[in-house]
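This report describes a multi-chain model, taking its chains, their contacts and selected local elements in turn. The sequence and structure are shown first.

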Amino acid sequence: MLGLNGKDFLAWLFVLFLVAAAPILLNPFPEGSAFAQFNAGYPDLMQRFVIFGIFAIGFNILFGLTGYLSFGHAAFLGAGSYAGVWMLKLLTINVIPAIIMSTLVAGLFSLAIGYISLRRSGIYFSILTLAFAQMSFALAASVLTPITGGETGLQTQLGDPRILDAAATGGNIPAPSLFGLEMGHSWKVSVGDWLWTFNAGYYLCAFIMLIAFYIAIRIFRSPFGMMLKAVKSNNQRLGYTGINPRPYTLAAFVISGMYAGLAGGLMVSMDPLAGAERMQWTASGEVVLMTILGGIGTLIGPVLGAGLIKYSENIFSKINDNLLHTWFSFMPDGVENFMVTIVHPFVGKGWHLTLGLMFMLVVIFLPGGLVGGLSGLYKRLFRRGSHAQ
Amino acid sequence: MELSAILLQVLNGLDKGSAYALIALGLTLIFGTLGVVNFAHGALFMIGAFCAVSLQKILTISFTTIDESKTDFLGNPAQIHTPYVEKWFGEAVGATMIDWAVPLAILLAIPVMLLVGFAMERGLIKHFYKRPHADQILVTFGLAIVLQEIIKAYFGANQIPAPAPDALIGSFDFGVLLGFDPGTIIYPYWRIVYFLFAMVVVGAVFAFLKFTTFGMVVRAGMADRETVGLLGINIDKRFTIMFGIAAAVAGLAGVMYTPINSPNYHMGMDFLVISFVVVVVGGMGSLAGAVLAGFILGILESFASMREVIQLIPGINQVVIYLAAIVILLARPRGLLGRKGVMES
Amino acid sequence: MSSDKKPLNLSLTRRAVLKAGVATAAVGAAPMIIPSKAWGYANEPSGSTVTLGFNVPQSGAYADEGADELRAYELAVEHLNGEGDGGMMSTFSSKELKGNGILGRKVEYVTGDTQTKPDAARASARSMIEKDGAIMITGGSSSGVAVAVQALCQEAGVIFMAGLTHSNDTTGKDKKANGFRHFFNSYMSGAALAPILAANYGKDRRAYHLTADYNWGYTTEEAVRTSTEAMGWDTVAAVKTPLSQTDFSSYVAPVQASGADILVLNHYGANMVNSLTSAVEFGLRNAQSNGKNFEIVVPLYSRLMAKGAGENVKGIFGSTNWHWSLTDEGSKAFVKSFGTKYGFPPSQAAHTCYVQTLLYADACERAGTHDPCGVAAALEGFEFDGLGNGPTLYRAEDHQCFKDVLVVKGKENPSSDFDLLEIVEITPRDKVSYDASIFGGELGACNSG
């Protein structure tokens, strides 16, 4: 189906179902209930899930297939973001040119950096990409302020030319839109106590993510993908067969850079601000962690990893003591306070601690990340013996 | 540009370089030789710094007396805190001990860091020698976050001043010594101490690996772990000890750095990237390379921060280390002194 | 472009929907599509509560400052809801606040972590607006975050009450109709500091600037340079330092030989602590230059920074928005209230956040609505007193507060951990005022979602 084998098509359908129903699936708790804080079905976070999903899928094309660990992919996300905001400022508030330009600019940028960095392999390659990204970040936050907005970030302004658009009216900056449909526009549906938000921007991101995912599957299964896997498993032997692996790895690098740029373009289309810290090594590290956490080289893993990290960041950081007291209020006073004291270090300002512990637990107990670990667990439980060794 | 200005930056560079070299030295023992991608190295450096803070806190544990003649900010009688050490050893001796808390913390940091290193290796890293590097990254990064959050929970996020002893505050005028005008080439005493300290530690680690049997076995084990194991030598135990030593080196770098950079829980992450860059530019598996790279990058950074240079190339001070890393890695495929085949695939 | 559709769909409150939902549930749980623009403004509260969003740094270098901001917000919420001793509500010149919440609605709040990153701060603010139905967002500890979140609130149609942000840009080139700042700015620091510096150090001085290489650093250097040069000082050099710098030795070392006799550190937070430490290490504080004592100046002080720098701040001039040792009735009431609850005096960040919350609540009361446009109108040109800085004006043209500015000095003999700064001068408001147009930018029109 669609040029995919049965199993892959099922996986793709599964993802299609997940993203289409996300506004419902991510809001399992009724509005106003004690655990509504765990609901993730609001536009900003849903958009982040799919956008970082795209970023991680792209990263996995490079890292998962070729084994080349780039520690500078955030630079492409950042470059894409800046290109996107400039399109929104100069050309039109319609997001299509911004998204296209982001992808292209990131592609060119990754071509330049990849061409140089791929002269080395292993850790030397990683440090080269890291160095390029850190340089981009440092310059964007300081001397390039006229182009990047510096540490404050690049924003749309009232006075922007937007040559294709009619002049803005009403004294407000127009919001990014798709042919007039604003990305922030939502339809809200309530069923019983549940409230679901169907957001235009989210569905645009989800649609693009499905395409990106489809392309990734095709790449994984193509002869090109096979070649990339050969690069990973035995670079040297590939050389002996007379094949120069560099054009292939460079192509993978540029493709994954374009995925990062696409993610950057979508980010600014949903929320028109590009900050320099998007390029910092911590941001590059985040996508590495997302991929490892979800499962390197698996199709769906990076998306799950991205979701888990973004969920922790956005949900756990917002739980405060006040909320803890409401959760445990059914308990006797002493026990309630005790429970609040126990949980307190892991939420709110302590959300990093939860994240750190999660990283450790996953890698210790689920080798191969979420996908690898869970499928391993599944095999051990249900098919004991058949896959021994 | 005047000669004195250049000499001044060379001095600065040596000092920055010794800091980089010292921080990178511990990492290269773990990363360059044991082959573990240790993202918790910055956290070890940070814990070292907090050994100094902790000792300072311990020495200033105080008993409280109420002074009715003064009031606090709410108008209640003021509480006067007097450290116990001043009560026990007399005011002068107690105050001197508090004043010398940072150098004294070396004595605390060595056992603490060795223990941290042993615990980390036995409890966690041991199981990851044969796992992919990606898994090592994830688990050590997770550990780094956990360690730093624990420090944050106890000490807060604000910086905590941990000054050098009064006797070592102030600076030495090298310029006068060399015949320049007074005040042109001055250098703080503490930084001179730091430089000498770094040299001693670097020398000790080199000597240990080079001239002791233990060191020889470890070096052999790095080159060919299995063969050494087959010879009936317990290489695992030695690797654990190596890990402990690496942690101690990182911790000592942290202790001595506190007067230069008031520690906060985040300082490890700030140094993590630079220490990886130094190790890799130096070349994987080479201790001498890491030290050399530390000094080269330190001196380049110092020169790039001169205002004449910034005027010439705006922003160069922001990127010089990374730019230098790129140039070196492109010119020399395995960094300055790297061994073939270490972490190249 | 269609401007009738609003950027973020906020036209419905959670509670209104809940009620509607309950109603449909009674009919038989049939899905109900809710029109996107039914009510007057974003997140209009319809129940008995109103939700405010406290968006402060809880991780990263400013986490302690953020924690102090959060304490102040919790205190303000207590006071608004009629609990505690009422703090500055009793000294506030406007008497609209009755301790029965805002417009009779009990004040509730949600918290989030800005991480001192514009991206994370916006994500956190969006979740408060989209998910929790927050009607006002406040907090933050850096100008980058303030500018980013202010723009978001403008787009979403909620009010933004800035926390600690000192760059001219916040109410200058990046000002927004929905955003308001109580904190002072770089310009005011420069204007307040220059006369004091001239009086103490003379008019014939040569200054060397080290400036953090980002927006706030630029505006601060500019402000201090302009105002000190107007007093007759020379600027020998101004060198930009990377924000990520931890060891400033190579920047500080050449200062003494440069012929300067003043070092101005346009640094904040960890940058300031570390650069000041380096400067003291290099003996600059005891040095002589041009036959004068060498001096160091830190344009923006905070008590937490002073604590981080320890002994090194002694005798060093700077400016601050507010200090707990002020003896006006408002400050005393606030320090008492905060100190009794938490055991230590509030920081300037805590003060500005507390005041902003009260000002917002009061503006709602006076406007008789939570509608951002009504609230903004009530805040614009509002004159008030009793909140710790003397008579204050919320200027209509740029939404900046104008009030007295404190010039402070590191205390030589601190009596406690908090007693680190002493007030040297309270510069009156007319000395630090400026024309609203000098920084450019457009306020735009208020947006109510």
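## Chain B: overall form

Of the 345 residues of chain B, 53% count as buried. The model described here is predicted. The secondary structure of chain B consists of 15 helices and four strands. For a chain of 345 residues, a compact globule would have a radius of gyration near 20 Å; the value for chain B is 22 Å, which agrees.

The C-alpha trace of chain B spans about 75 × 55 × 35 Å along its principal axes. When contacts in chain B between residues at least 6 apart in sequence are considered, 72% of them join residues at least 24 apart.

## The contact between chains A and B

Chain B meets chain A through 31 residues, which are in contact with 35 residues of chain A. On the chain B side, at least two residues each are supplied by α6 (133–155), α12 (267–282) and α15 (316–331) of chain B. The largest share, 12 residues, comes from α6(B).

Classified by residue type, the side of chain B that touches chain A comprises 24 nonpolar, four polar and three charged residues.

## A one-sided helix in chain B

Which residues of helix α9 (residues 213–223) of chain B are buried? They are Val218(B), Gly221(B) and Met222(B). Viewed down the axis of α9(B), these buried residues fall within an arc of 100 degrees, and therefore line one face of the helix. An α-helix has 3.6 residues a turn, so residues three or four places apart point the same way.

The face of α9(B) turned away from the buried side carries the exposed residues Thr213(B), Met216(B) and Ala223(B).

## Confidence in chain A

The mean pLDDT of chain A is 90, and 97% of the residues score at least 70. Among the elements of chain A, the highest mean pLDDT, 97, belongs to helix α4 (residues 95–117) of chain A, whereas the lowest, 75, belongs to helix α9 (residues 235–240) of chain A.

Over residues 385–389 of chain A the pLDDT falls below 50. Beyond near neighbours in sequence, this stretch has one contact in the model.

## Chain C: overall form and domains

Chain C contains 13 helices and 18 strands. Its 449 residues would give a compact globule a radius of gyration near 22 Å; chain C has 23 Å, which agrees. The C-alpha atoms of chain C fill a box of roughly 90 × 50 × 35 Å along the principal axes. Of the 449 residues of chain C, 67% count as buried. Among contacts in chain C between residues at least 6 apart in sequence, 72% link residues at least 24 apart.

The domain assignment divides chain C into domain 1 (14–21 + 26–184 + 324–403) and domain 2 (187–320). The C-alpha centres of domain 1 and domain 2 of chain C lie 33 Å apart. Contact between these domains of chain C involves 14 residues of domain 1 and 13 residues of domain 2. On the side of domain 1 of chain C that touches domain 2, α2 (63–80), α4 (143–156) and α11 (348–367) of chain C each supply at least two residues. The residues of that side of domain 1 of chain C divide into four nonpolar, seven polar and three charged.

## Helix α12 of chain C and its surroundings

Helix α12 (residues 372–379) of chain C is largely enclosed by the rest of the structure, because six of its eight residues are buried. These are Pro372(C), Cys373(C), Val375(C), Ala376(C), Ala378(C) and Leu379(C). The buried residues of α12(C) pack against β5 (159–162), β6 (179–180), α11, β14 (382–384) and β15 of chain C. After α12(C) comes Gly381(C), whose phi is positive, near 70 degrees.

Leu393(C) lies in strand β15 (residues 392–394) of chain C. Is Leu393(C) buried or partly exposed? Leu393(C) counts as partly exposed because it has 15 C-beta neighbours inside 10 Å, whereas burial requires 20 or more. Not counting residues up to four places away in sequence, Leu393(C) touches Glu383(C), Cys401(C) and Phe402(C). Leu393(C) and Glu383(C) are separated by 10 residues in sequence, with a C-alpha to C-alpha distance of 4.6 Å.

Note on methods: Residues are numbered from 1 along each chain as its sequence is written. Chains are lettered from A and ligands numbered from 1 in the order in which they are written. This is a predicted model: local features need pLDDT of at least 70, side-chain atom pairs count only at pLDDT 80 or more; totals for chains, interfaces and linings use all residues. Two residues are in contact if their C-beta atoms, placed from the backbone, lie within 7 Å. Ala, Val, Leu, Ile, Met, Phe, Trp, Tyr, Cys and Pro count as nonpolar, Asp, Glu, Lys and Arg as charged, and the others, Gly among them, as polar. The radius of gyration is taken over C-alpha atoms; the globule rule is 2.2 Å times the number of residues to the power 0.38. A residue is buried if 20 or more other C-beta atoms lie within 10 Å of its own, exposed if 12 or fewer, and partly exposed in between; C-beta atoms are placed from the backbone. pLDDT is the predictor's confidence in each residue, from 0 to 100. The arc is that of the directions from the helix axis to the C-beta atoms. Domain bounds come from an automatic or database domain assignment.
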